[in-house]
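Look at the sequence and the structure below.

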Amino acid sequence: MIRGHPHSLADLVQQKADLSRLPHIGSALAEKIQTLVKTGSLPALEKAKKRTPIALSALMQLPGLGPKRVRVLYHELGIRSLADLERAARRGRIRALPGFGVRTEAKILSELQTSTGQERRFNRLEARELAEPLRRFLQRQVGVKRVTIAGSYRRCRDTVGDLDILVTAKRGSPVIREFVAYDEVRDVVSQGTTRSTVRLRSGIQVDLRVVPEASYGAALYYFTGSRAHNIAVRRMALKRGLKINEYGVFKAEKRVAGRTEESVFASVGLPWIPPELRENRGELTAAAKGNLPQLVQLNDIRGDFHCHTRASDGHNSIREMAETARDLGYEYLAISDHSRQVRVAHGLDPERLSQQLDDIDRLNDELRDIVILKSCEVDILKNGSLDLPDKLLARLDLTVCALHYDLHLPRKQQTERVLKAMQNRYFNILAHPTGRLINERPPCDLDMERILRAARDQGCYLEVNAQPLRLDLTDEACLLAREIGTGVAIGSDAHSADTLNFMQFGVDQARRGWLSAHDVLNTRSLQAVRSMLVR
DNA sequence: GCCGTTTTCGGCCCGACTGTTTTCAGTCG
């Protein structure tokens with residue numbers, strides 16, 4: 001709850017807000033949070049640390065070991081680290097413990113060999129490339145009707161830890177046997193009659209669930225999650241004397257819903273909630289009040305403000321990019337090559353940019369059904385000034401401004417840097433605001449709330465960068481933008497014509513942040529965009 | 001430790017798979 005909250009709880013404590021009004025925070029936690037913020041330490045935590053070695057939590061990371069077994073290992077054998085565990089297992093001391101046996105001991109040893117301890121998450125493109133071939137494979141199996149990838153993949157999270165696949169099939173279908181025999185399977189974790197778990201060579205875990213067609217809606221709902229959302233809805237059901245499981249909604253023994261997801265939601269008096277919102281961060285209250293947002297869709301997108309050509313580090317010409325954009329149904333496409341500071345990407349100096357602007361004029365005279373906008377991905381220099389002279393920026397239709405260097409500045413300095421850049425009247429869109437690269441580079445330290453407020457007040461926009469490695473803003477930052485009332489622009493940041501369609505990933509991210517078409521600049525007509533960009 | 005168009009006390013989502021134990025606890029999603 002705290003991690004997903006748009007505001008820092010420390011700020012809320014300073015403002016003397018009543019924390020116990022937040023969901024899942026009662027009087028006890030509110031008091032502890034206050035103590036933590038005010039004193040920097042927490043007596044209850046220190047006490048718990050004394051009672052239980054903190055290292056024990058590492059043991060629970062191992063598949064098959066939970067709190068009960070770790071407790072036995074610690075109390076009976078004094079095991080408090082992975083090294084202790086391995087030693088005990090090799091000496092055959094674990095098999096004698098109550099609740100353990102020879103097989104469990106062997107499994108522990110084998111997990112110690114294979115598990116790295118830090119399972120990585122996969123970005124959306126990686127996940128899609130692993131999931132789609134498997135989905136097609138399952139679809140071909142005898143007796144299979146539907147194959148749907150559920151879980152965080154369906155909720156469009158920026159990364160997924162595993163794949164959850166739902167299959168509806170006739171009784172007796174060999175789909176699970178075929179699943180564990182899939183070519184990419186490295187090892188089989190479990191295999192039953194209705195579900196199975198495997199690990200693929202890539203390291204990703206895949207959970208397969210097989211249910212009859214009549215349970216499709218209930219199973220899809222259950223398997224989509226999130227867990228927190230499911231638990232909250234099952235609670236609502238309990239209050240109505242209903243039970244929800246993956247087979248349907250039940251009143252006593254009688255099945256009253258479950259063929260579709262809509263029927264499951266209806267059983268607790270709610271409209272269907274889009275998967276992207278199912279995180280138990282307010283969607284249930286909103287749905288109950290009829291206040292769900294009308295989420296932005298790919299169809300709403302009328303143009304793209306961020307793409308590259310061969311002039312900097314892209315792979316296609318302006319014409320090729322524009323024609324592809326036209327084929328995607330866009331009204332406009334802004335060419336935003338790098339500015340000179342970004343030398344590794346062959347960034348444009350004033351002379352080359354000005355040549356490009358002339359080229360765009362000529363192409364616009366020639367091309368029909370698409371307007372090319374003049375833009376540039378202008379570097380924000382360390383002192384907060386822009387990398388190109390105002391005189392040249394004035395010739396552009398818009399700018400997409402970004403940090404590429406000095407990403408490690410302290411929070412205050414980094415924030416001031418961006419705020420100063422934003423004061424330039426030619427600054428329009430802050431591209432990939434935090435600079436994070438998923439699994440590669442952490443976000444830079446920015447006071448996002450201040451930046452969002454300043455952007456709103458000065459008529460600037462923040463980008464939701466659609467590159468699967470970036471997805472920056474995060475969904476949480478989108479939520480904050482929505483609350484503050486700051487507009488966003490979804491940009492593909494395409495470096496080739498065939499990746500202009502990464503736009504979908506950006507739209508998904510905006511949807512997770514509850515944004516509607518109204519909140520997104522590039523759902524507007526060209527005429528509206530032109531006037532909205534003037535500061 | 002949270003929560004309450006039943007409740008300020010007594011509940012707390014639900015089911016599959018595995019392995020150990022002979023009917024189920026532990027773990028997981």
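## Contacts along the chain

In this predicted model, contacts in chain A between residues at least 6 apart in sequence were sorted by their separation: 66% of them join residues at least 24 apart. Examples of residues separated along the chain are given in the last two sections.

## The chain as a whole

Chain A has 22 helices and 18 strands. Its radius of gyration is 27 Å, close to the 24 Å that the globule rule gives for 535 residues, so chain A is as compact as a globular protein of that length.

Taken along the principal axes, the box filled by the C-alpha atoms of chain A is roughly 80 × 60 × 50 Å. Of the 535 residues, 51% count as buried.

## Helix α21

How many of the ten residues of helix α21 are buried? The helix covers residues 503–512, and nine of the ten are buried, so α21 is largely enclosed by the rest of the structure. The buried residues are M503, F505, G506, V507, D508, Q509, A510, R511 and R512. The cut-off for buried is under 20% relative accessible area.

The helices are α8 (124–139) and α20, and the strands are β11 (303–304), β17 (461–465) and β18 (488–491). After α21 comes W514, which has a positive phi, near 65°.

## Helices α19 and α20

Helix α19 spans residues 448–458 and helix α20 spans residues 475–484; their axes come within 10 Å and cross at roughly 45°. An angle between 35 and 65 degrees is neither roughly parallel nor roughly perpendicular, and α19 and α20 are therefore oblique to each other. Their crossing is right-handed.

Which residues make the contact between α19 and α20? From α19 come M448, E449, L452, R453 and R456, while α20 supplies A477, L480, A481 and I484. Sorted by class, the contact has six nonpolar residues, three charged residues and no polar ones.

The spacing of such residues can be related to helix geometry. An α-helix has 3.6 residues a turn, so residues three or four places apart point the same way.

E416 lies in helix α18, which covers residues 411–422. With a relative accessibility of 34%, E416 counts as partly exposed. E416 and L446 are 30 residues apart along the chain, and their C-alpha atoms are separated by 9.0 Å.

I54 is placed in the loop between α3 (43–51) and α4 (56–60). Is I54 buried or exposed? Its relative accessible area is 59%, and the cut-off for exposed is over 50%, so I54 is exposed. Along the chain, I54 and R80 are 26 residues apart, and 8.8 Å separates their C-alpha atoms.

## The loop with G241

G241 is in the loop between α12 (227–239) and β8 (243–245). At 46% relative accessibility, G241 is partly exposed.

Which residues does G241 touch, not counting residues up to four places away in sequence? They are F250 and K251. G241 and K251 are ten residues apart in sequence, and the distance between them in space is 6.6 Å, C-alpha to C-alpha.

Note on methods. Residues are numbered from 1 along each chain as its sequence is written. Chains are lettered from A and ligands numbered from 1 in the order in which they are written. This is a predicted model: local features need pLDDT of at least 70, side-chain atom pairs count only at pLDDT 80 or more; totals for chains, interfaces and linings use all residues. Side-chain values use heavy atoms; hydrogens and water are left out. Axes are lines fitted to C-alpha atoms, for helices over the stretch in contact, and angles run from 0 to 180 degrees between N-to-C directions. Helices (H or I, at least four residues) and strands (E, at least two) are DSSP runs, numbered from the N terminus. Angles under 35 degrees count as roughly parallel, over 145 as roughly antiparallel, 65 to 115 as roughly perpendicular and the rest as oblique. A crossing is left-handed if the near helix is turned anticlockwise from the far one by less than a right angle, and right-handed if clockwise. Contact means heavy atoms within 4.5 Å. Ala, Val, Leu, Ile, Met, Phe, Trp, Tyr, Cys and Pro count as nonpolar, Asp, Glu, Lys and Arg as charged, and the others, Gly among them, as polar. The radius of gyration is taken over C-alpha atoms; the globule rule is 2.2 Å times the number of residues to the power 0.38. Buried means under 20% relative accessible area, exposed over 50%, partly exposed in between (1.4 Å probe, protein chains only).
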